[in-house]
Amino acid sequence: MNASPREMYQTQEKREQVLSSPIATTNPNAWLGDGYYFWYDEKDAIWWGRTAKRNTGHYEVYQATINCENVLDTVFNEEHYKFWISNIERALSKFLNNDKNNISLKYINDFFKERNVFDGIDGVMFQDITDNPEHWIVKKFQYKKRIQLAVYNSTIITNFALRFDAECD
Amino acid sequence: MLDLNKLQQKFNALFEQENAESFGHWLAQKQNSELENRLGRGTVEEISTQNANIYFSSASTPISHSNIKAFTGNTQYAMAA
């Protein structure tokens with residue numbers, strides 16, 4: 001079951017002008033390939049600003065409403081999760097000749113996109129484990145998922161607006 | 001609502017059409033393209049050498065072409081962004 005729509009968050013370094021639309025990632029290591037990245041949890045957006053968006057000494061957190069109806073939701077939807085695992089593993093087996101050290105998940109996803117496999121979907125929701133120690137119950141036990149959405153179709157993003165800015169630690 | 005059957009058909013078609021070789025070819029082009037986007041597309045400046053062997057007048061010791069490359073360093077591949 002997909003929750004649609006969702007309020008989600010994008011972190012940017014603070015610039016002279018407030019953004020009126022989201023920025024697509026230029027990070028060559030972005031897991032889900034090229035796209036507009038949003039955090040599910042505002043606290044992860046803040047953590048990202050404090051630790052990774054430090055170029056200007058300040059960061060901004062933007063909020064947007066995102067229609068997730070046509071998103072591949074590998075976090076909350078079990079069917080989508082199994083579908084994702086199956087096809088990623090087929091791709092690794094088919095394309096990499098067991099050499100998994102020289103490729104990132106970003107390129108697998110970019111390949112899917114550029115070969116039009118993702119034409120029918122608006123984005124992929126994915127999770128990892130945050131290194132934010134505030135999320136430890138006991139040391140190195142993370143009780144919270146860190147969830148991100150990579151949006152490939154920008155038309156599902158509405159109400160994009162600055163929520164707040166803050167100084168990096 | 002996302003149609004997984006339709007999406008699976010697209011994955012199946014991809015896995016039938018592509019292989020490790022075609023993926024490797026695409027990956028090399030993709031990474032080159034990303035590098036050019038970051039650095040700009042440059043031109044290679046060819047430094048011509050009339051004679052690969054240059055002799056010191058005093059010792060008449062030949063210097064190989066590989067040594068000339070070492071002398072010119074990165075300027076041999078000057079990047080014009």
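**Entry 1. Overall dimensions of chain A**

I looked up the radius of gyration of chain A, taken over C-alpha atoms, and found 16 Å. A compact globule of 169 residues would come near 15 Å, so the value for chain A agrees. The globule rule I used is 2.2 Å times the number of residues to the power 0.38. Along the principal axes, the C-alpha atoms of chain A fill a box of roughly 45 × 40 × 30 Å.

I note that this is a predicted model, in which local features need pLDDT of at least 70 and side-chain atom pairs count only at pLDDT 80 or more, while totals for chains, interfaces and linings use all residues. Residues are numbered from 1 along each chain as its sequence is written, and chains are lettered from A and ligands numbered from 1 in the order in which they are written.

**Entry 2. Elements of both chains**

I took helices (H or I, at least four residues) and strands (E, at least two) as DSSP runs, numbered from the N terminus. Chain A has three helices and seven strands, in the order β-β-α-β-β-α-α-β-β-β from the N terminus on. Chain B has three helices and two strands, and its pattern along the sequence is α-α-β-β-α.

**Entry 3. Burial and the core**

I called a residue buried if 20 or more other C-beta atoms lie within 10 Å of its own, exposed if 12 or fewer, and partly exposed in between, with C-beta atoms placed from the backbone. Of the 169 residues of chain A, 32% count as buried. For the 81 residues in chain B the buried part is 2%.

For contacts I required the C-beta atoms of two residues, placed from the backbone, to lie within 7 Å. In chain A, 78% of the contacts with a separation of 6 or more are between residues 24 or more positions apart.

I then looked for a nonpolar core, meaning a set of buried Ala, Val, Leu, Ile, Met, Phe, Trp, Tyr and Cys residues joined through C-beta atoms within 7 Å. The largest one has 37 residues, and A:Met8, A:Phe38, A:Ile66, A:Leu149 and A:Val151 touch the most other members. I followed A:Met8: not counting residues up to four places away in sequence, A:Met8 touches A:Phe38, A:Trp39, A:Tyr40, A:Ala64, A:Ile66 and A:Leu149.

**Entry 4. Where chain A meets chain B**

I found 19 residues of chain A in contact with 17 residues of chain B. On the chain A side, the elements that give two or more residues are α2 (78-95) and α3 (105-114). The largest share, six residues, comes from α2(A).

I sorted residues by class, with Ala, Val, Leu, Ile, Met, Phe, Trp, Tyr, Cys and Pro as nonpolar, Asp, Glu, Lys and Arg as charged, and the others, Gly among them, as polar. The side of chain A that touches chain B then divides into nine nonpolar, four polar and six charged residues.

**Entry 5. α3(A) against α2(B)**

In α3(A), I found A:Ile108, A:Asn109, A:Asp110, A:Phe111 and A:Phe112 buried. The buried residues of α3(A) pack against α2 of chain A together with α2 (20-39) of chain B.

I fitted axes as lines to C-alpha atoms, for helices over the stretch in contact, with angles running from 0 to 180 degrees between N-to-C directions. The axes of α3(A) and α2(B) come within 11 Å and cross at roughly 105°. The two helices are therefore roughly perpendicular to each other, on a scale where under 35 degrees is roughly parallel, over 145 roughly antiparallel, 65 to 115 roughly perpendicular and the rest oblique. A:Tyr107, A:Asp110 and A:Phe111 of α3(A) make the contact with B:Phe23, B:Trp26, B:Leu27 and B:Lys30 of α2(B). By class, I count five nonpolar, no polar and two charged residues there.

**Entry 6. Positive phi**

Most residues other than glycine have a negative phi. I looked up two with a positive value.

- A:Asn116 has phi near 70° and is found in the loop between α3 and β5 (123-129) of chain A. A:Asn116 counts as exposed because 11 C-beta neighbours lie inside 10 Å.
- A:Asn159 has phi near 55° and lies in strand β7 (residues 157-167) of chain A. A:Asn159 is exposed, with 10 other C-beta atoms within 10 Å.

**Entry 7. A:Val75**

I found A:Val75 in the loop between β4 (71-73) and α2 of chain A. With 17 C-beta neighbours inside 10 Å, A:Val75 counts as partly exposed. Leaving aside neighbours within four places in sequence, A:Val75 is in contact with A:Met125, A:Phe126, A:Gln127, A:Lys145 and A:Ile147.
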